[in-house]
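I opened this model to look up how its chains meet and how each is built. My entries follow, in the order I made them.

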Amino acid sequence: MGGLRTAGDLVGWMQIVRKMKINEAKQYVAKKLGVDVIDLTNEEVIRSVREDLGIGVVTSVAGSPKGIRAKIKIAELLDIHINSVDLFLSQVR
Amino acid sequence: MSDEIFAAAIEAIEKGDAEKAAEIVRLGLDRGIDGMELLNKGFVPGINKVGDLFGEGRLFLPELMMSATAMQKVTDLLNAGFPEGKMKTRGKVLLGTVEGDLHDIGKTIVAALFKANGFEVLDLGRDVSVKRFIEEAENFGADIIGTSALLTTTMTVQKELQEELKRSGLKDKYKTMVGGAPVTRRWADRIGADAYAEDAGEGVRKALELLKK
Amino acid sequence: MMYGHKYALLSKKQKKKQKNKSFVGVQGAVFQKSPLAAGGNNMSDKIFIRMGDGERVKLSTAEIKEDISVGTMDAARRGRIPEMTPEEQEQLFEILADPARVVGVSPGEEVIVTDDGCSMSFYSGQDGGGVGIPMSRLQAILTYERACGADTTSMGHSDYSYKPVKPIINFEMNEYYTCSMMTTVPFFYGAQPNMGLYFQPDGPCPDPAELLLTGKIKEARQSQEEACAHLRKDLVFVGKKLAGVGCEGLNFDTCGSAGDADFLAALLALRELRREIPQMPVIMGSSGEFVIGMHGEVTFDGQRLAGMYPHEQVKVVEAAGAGIYGMAVNTNTGKSTAWNLSRAVTFCKAAVEAAQIPVHVNVGMGVGGVPMMEQPPIDSVSRVSKSLVQIGKADGL
């Protein structure tokens, strides 16, 4: 789907964590992002959505969230548990 | 009446029941059925059916081996009743996975199906060097040398075997067959192997064709 | 291409002739039908297609349609599942006959791609399908995530088996933890159960291949049962250790490569891990279109595993607790992509219909209809991907 370029990673999280089939996963993510399903792979729409939500963009923007910082936001946004995030938060809180 | 016996022969092989198969041989011969006819209309269709079921995942390796054992018993019994030489094995096949390659499940399946189809098989296992393939083929008196490779990095050993056979003047003495996941007919053609087989069932068919030539 | 306004200028006779060779698209645009879409089969209608070994050949429309029909029948007979409908077969034909070098699904139909060791291809050699760039694992993972736009990524031992991970588990835990702090997309630890490594001379159990060939069936089965127990223990050990450093997901890849007992070990380990560490998802992929019966009698939840086809495999994988099931369909190198892909789509459709969990189809070298060659041709890979998603309804690749 395009990973960080689009919303591919987010749909991936829903399939893996909640065992959602592709259409259900896309609808869930689209709702959380406030976009239409067809725009999940629309770079022009998703780029700014990702920037605004702080969930990581594909290019390297100095100081913007990537890695575990972005994953904390992703877990909150999608309302899921991500093992690495849970561990990280348990270490910093 | 003969048809019933042929059907029973097929069933005995399919079930891998060696005792039942032997009983059918005796019964068929007692009733005046020609041994070769008994084999070709009963037991051979039986083992072919077993091969097909195995290829479709409907029958499994232990059962295939039981069928092979039953088939061996049948051929031994029939052999005893034939004039010498008439019922000799279908050919001697030397098998092995090439040096550097530790995958031997596919090759084991090939060995089992060859045995089931009346070939005399010597399985050298895995990680077999070119030198050993040739030495063992000479000692065994092989008709066919079959090599398996599961890796793109080890299939080159199949080519080395061809080159070594040529160098040692043995290329025409043996038929060579190649198989394994990354191996294709075009690879076989490229290295000068006599045949390529997609799976064990095709291996048996190709071997029979090779030995007719 | 002939656009609407030009079409309007044609005489009735010309329009009729044109209609037979064309179709009207959106906004009145008129497109030329490809020769194959017109259904002809003379020499000029020949279509480029790959064989299962990658060779590019030209086949007629009739030949390709025949291969599609025979392929779906073969899959249906073997799996005891429905064939593709005539409409689906026509759809598959259209995808295969598309004159473009690369094809793709329409916007909105995209699916995710799960990684099964792709980042390793950056630094590994030929045996891993790799290009041998001297870079670290972290660099490879991040390159795959950010430069390639990967939906998911992963890391694994170079041998890509779980057994050798055990003695270096602390090393792997450190690497995983470091990488997981940097990655944003789902990041798995993946490898193959590879039960073959538990047989002599590599492991403690007698080689069942040798035992079977000498008729020692009981002993061969016993040896596989022992190896299964060892493998299960190791899979759980590695899984638990990685979970302790925040593993986001475990991938049991190519399960059943050493037969049904190998598949069983993965299922048992999967169930145990899910029960004890529910926050760590596990995905499980198969090694072939049916589970090879090296043992023949092992069961999971009372069901014999040997001989299970994808639509049956997915149910046990699902019952064990997997997040995603990865299916594999063997490519026959002597048959065309039409035949191979037709089978793959037929198996895929049945598995997806049976599944409650997402089904991802393996589209690597020599599986899923992709030709068996080190550099799978992009024309084939893109046609395979599109067909499996559009017709097979795959949830991912």
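**Entry 1: chains B and C**

I began with chain B against chain C: 31 residues of chain B are in contact with 37 residues of chain C, contact being heavy atoms within 4.5 Å. Before going on, I noted that this is a predicted model, in which local features need pLDDT of at least 70 and side-chain atom pairs count only at pLDDT 80 or more, while totals for chains, interfaces and linings use all residues. Residues are numbered from 1 along each chain as its sequence is written, chains are lettered from A and ligands numbered from 1 in the order in which they are written, and side-chain values use heavy atoms, with hydrogens and water left out.

I looked up the area next. The size of an interface is often given as the accessible area lost when the parts come together. Chain B and chain C bury about 2,700 Å², with 57% of it on carbon and sulfur atoms; buried area is the accessible area (1.4 Å probe) lost by two parts on being put together, summed over both.

How many salt bridges cross between chain B and chain C? I found five, a salt bridge being a side-chain nitrogen of Lys or Arg within 4 Å of a carboxyl oxygen of Asp or Glu. I looked at the one between R186(B) and D53(C), where N and O are 3.3 Å apart. I also noted 11 residue pairs in polar contact between chain B and chain C, both residues at pLDDT 80 or more. A polar contact is a pair of N or O atoms within 3.5 Å; within protein, one must be able to donate a hydrogen and the other to accept it, and residues adjacent in sequence count only if both atoms are side-chain atoms.

On the chain B side, the elements giving two or more residues are α3, α4, α5 (105-116) and α8 (185-191). The largest share comes from α5(B), with six residues. I sorted the chain B side by class and got 15 nonpolar, six polar and 10 charged residues. Here Ala, Val, Leu, Ile, Met, Phe, Trp, Tyr, Cys and Pro count as nonpolar, Asp, Glu, Lys and Arg as charged, and the others, Gly among them, as polar.

**Entry 2: F60(B)**

F60(B) is in the loop between α3 (35-55) and α4 (61-81) of chain B. Is F60(B) buried or exposed? F60(B) is buried, with a relative accessible area of 3%; buried means under 20%, exposed over 50% and partly exposed in between (1.4 Å probe, protein chains only). Leaving aside neighbours within four places in sequence, F60(B) touches F54(B) and also G293(C), G296(C), R304(C), A306(C) and G307(C).

**Entry 3: chain B by itself**

I counted nine helices and five strands in chain B; helices (H or I, at least four residues) and strands (E, at least two) are DSSP runs, numbered from the N terminus. Their order from the N terminus is α-α-α-α-β-α-β-α-β-α-β-α-β-α. Of the 213 residues in chain B, 51% are buried.

**Entry 4: chains A and C**

Which of the two pairs of chains that touch has the most contacts? It is chains A and C, with 34 residues from chain A and 43 residues from chain C taking part. Chain A and chain C bury about 3,000 Å² between them, and carbon and sulfur atoms give 58% of that. I counted two salt bridges here. K71(A) pairs with E248(C) in a salt bridge whose closest N and O atoms are 2.4 Å apart. There are also 23 residue pairs in polar contact. On the chain A side, α1(A) gives the most, with eight residues. Chain A and chain B share no contact, and their closest C-alpha atoms lie 29 Å apart.

**Entry 5: chain A by itself**

Chain A has five helices and zero strands. Its radius of gyration is 13 Å, close to the 12 Å from the globule rule for 93 residues, so chain A is as compact as a globular protein of that length. Buried residues make up 58% of chain A.

Notes. Rg over C-alpha atoms; globule rule 2.2 N^0.38 Å.
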